[in-house]
Amino acid sequence: MISLKFLRLVFAFAVILSVQAAEDCDAESSKGVEDPSCPSREHIIRCAAHYMDANKNNLLERKELQDGIDALPWLARGVVSVIGSVDSVMKKCDADGDDAISMYEDMEKTKETCLATCFKRKAFKMAFFPECDL
């Protein structure tokens, strides 16, 4: 039987590797190189507009985000939990507090808080639109 101590060690190692990979991806993204393993915020915004903005008004409304999460298989919902709940995403990404994330204005104003790391961008893409190449 695998001990709890061993599992904690493996988990800690995985977290360290993830953080290092995210830092490496962020360094590449800052050079202007689009790395498929570390999508840029601009790429995520284009894909979200295409796949999640159901009424095509250039806003990711709370309901559209919740509907997207609800449509995911339960395992993928676990991946999305890394990003946060709908409330958490809205708090980080909805700059004007109108319960809708503007694909352009809000995303520009929330660069430091919304999908700011490679790890979160990659998790978001993997969960919602893994095949997006816009």
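The structure holds 3 disulfides, a disulfide being a pair of cysteine sulfur atoms within 2.5 Å. The model is predicted, so that local features need pLDDT of at least 70 and side-chain atom pairs count only at pLDDT 80 or more, while totals for chains, interfaces and linings use all residues. Residues are numbered from 1 along each chain as its sequence is written, and side-chain values use heavy atoms, with hydrogens and water left out.

Cysteine 38 is bonded to cysteine 118, with 2.2 Å between the sulfur atoms. Cysteine 38 lies in the loop between helix H1 (4–30) and H2, and cysteine 118 in helix H7 (residues 118–128), so the pair ties together parts 80 residues apart in sequence. Helices (H or I, at least four residues) and strands (E, at least two) are DSSP runs, numbered from the N terminus. Both cysteine 38 and cysteine 118 are buried; buried means under 20% relative accessible area, exposed over 50% and partly exposed in between (1.4 Å probe, protein chains only).

The sulfur atoms of cysteine 47 and cysteine 132 are 1.9 Å apart in a second disulfide. This pair links helix H2, which holds cysteine 47, to the segment after H7, which holds cysteine 132, 85 residues apart. The torsion about its S-S bond is about -90°, so the disulfide of cysteine 47 and cysteine 132 is left-handed.

Cysteine 93 and cysteine 114 also form a disulfide, with sulfur atoms 1.9 Å apart. With 90° about the S-S bond, the link of cysteine 93 and cysteine 114 is right-handed.

Lysine 56, although not a glycine, has a positive phi of about 55°. Lysine 56 is exposed, at 52% relative accessibility.
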